[in-house]
Amino acid sequence: MEKDTQHLEQLAEIRDIMNKSTRFLSLSGLSGVVAGIAALGGAWAAHEYLSSRVFVNYLYNGTQAEVIQFLALDAFLVLIVAIGFGSLFTIRKAKKNGQRMFNKMGIRMLVNLGIPLATGGAFGLIVMYHGGYFLLPSIMLVFYGLALINASKYTLEDIRYLGYCEIVLGLLSAWFIGYGLLFWAIGFGVLHIVYGTIMHFKYDRA
Amino acid sequence: MKNIIAHLDKAFESRVRLGIMSMLMVNDSVDFKTIKETLDVSDGNLASHLAALEKKEYIIVTKQFIGKKPNTSYSLSKEGRLAFKKHLQALEDLIGK
């Protein structure tokens, strides 16, 4: 009987090592929650700004550059807060697990996340150049979803489902033009908070 | 009962060797440093286990230079993969009893 548990332990350890040596498992749920809150804050700021500007916008076309400037700054701040806190929580969790952030698995995950993301970013800028601002939220959501699905092979598999949701939202957003900000807030805000909370209770507290 | 235990490979009796084989099963090739960090063992300890597995021709050792630094990486030989699969099967059979 004692032998049995010993073999069972060995098998469990083998599975654990196989997982650990192919996937980056230290992704923190809390970083998802913070990213979501930052996104909601950013979306709220954009909403307030735009609704105060709509009237003026009709009068002067010249304000358009100003609006874009504000939105770019807003998005940039959200990104900084999300990446900053995301890295902080993830590095902390990696340390606890005795894993480094930039080990082979971490880098592999980041590269696979980065390729669709960079493609989407470039594509978004080109679309913007042609004046297709209304498609931006949709492009961001769809490419972010693809990036998550691509990276899910190298980290917690659960982010694949978050990826599916982002793609569906992105496509819906492309259909219902005019609700871009709302879809964006749901995709990057609400979904991140929900996903992050689930991950936190599923993995971090164990 | 004795028959089943006979299927367990003596070469995989240590925890470190099981760890090495597990890593190599799921990666094409892994370097020394990565194995060391994942399994959390000392240089000497790991080197001796790797040497033992190499002697049995379960793993293939590739030495190369990355820039000026020597880099040794390991991958599984056909025999090694087969032997480890058998060992895993034997473990599972034992638990199934």
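1. Read from the N terminus, chain B runs α-α-β-α-α-β-β-α, which gives 5 helices and 3 strands. Both are DSSP runs numbered from the N terminus: helices are H or I with at least four residues, strands E with at least two.

2. A word on the basis: this is a predicted model, where local features need pLDDT of at least 70, side-chain atom pairs count only at pLDDT 80 or more, and totals for chains, interfaces and linings use all residues. Residues are numbered from 1 along each chain as its sequence is written, chains are lettered from A and ligands numbered from 1 in the order in which they are written, and side-chain values use heavy atoms, leaving out hydrogens and water.

3. The C-alpha atoms of chain B fill a box of roughly 55 × 25 × 20 Å along the principal axes. Of its 97 residues, 43% count as buried (under 20% relative accessible area, 1.4 Å probe, protein chains only).

4. Now the partner: 23 residues of chain B are in contact with 15 residues of chain A, contact being heavy atoms within 4.5 Å. Of the area that chain B buries against chain A, B:Thr38, B:Leu91 and B:Ile95 supply 27%, more than any other three residues. Buried area is the accessible area (1.4 Å probe) that two parts lose on being put together, summed over both.

5. How many salt bridges are there between chain B and chain A? The count is 1: A:Glu13 pairs with B:Arg15, their closest N and O atoms being 2.7 Å apart. The criterion is a side-chain nitrogen of Lys or Arg within 4 Å of a carboxyl oxygen of Asp or Glu.

Technical notes:
Buried means under 20% relative accessible area, exposed over 50%, partly exposed in between (1.4 Å probe, protein chains only).
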